[in-house]
Amino acid sequence: MPDATHKCRLVFAGDTAEQPCLWQMSRHFPEVQFDIRLDETMSKGVMIVNFSGDQDDLEDAWRFLREQGVEVDVVETLATGDG
């Protein structure tokens, strides 16, 4: 059972839109689960992604995506392992 689940807005702009950032993240953090909700515009790709996993792993995964140039905004916490 995941420790936490968050809905995040990811913005892929410029070169980031052409990179397999989520795949790379999944290779670095195989215990982080995600469920993709897609909303794409012509100038950039915007995804709503539900990430689930240990909170520390989630934060490491988001840091990885940010280092790749992806804008990551946690927009809602859907569940936590606290009960």
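**Notebook: fold, surface and cysteines**

I looked up burial: of the 83 residues of the chain, 34% count as buried (under 20% relative accessible area, with exposed over 50% and partly exposed in between; 1.4 Å probe, protein chains only). I note that this is a predicted model, in which local features need pLDDT of at least 70 and side-chain atom pairs count only at pLDDT 80 or more, while totals for chains, interfaces and linings use all residues. Residues are numbered from 1 along each chain as its sequence is written, and side-chain values use heavy atoms, with hydrogens and water left out.

I looked up the fold. The chain has two helices and four strands, in the sequence order β-α-β-β-α-β. Helices are DSSP runs of H or I with at least four residues, strands runs of E with at least two, numbered from the N terminus.

I looked up the extent. The C-alpha atoms fill a box of roughly 40 × 25 × 15 Å along the principal axes.

I looked up the contacts (heavy atoms within 4.5 Å). Among those with a separation of 6 or more, 72% join residues 24 or more positions apart.

I looked up disulfides (pairs of cysteine sulfur atoms within 2.5 Å) and the search of the whole structure returned zero.
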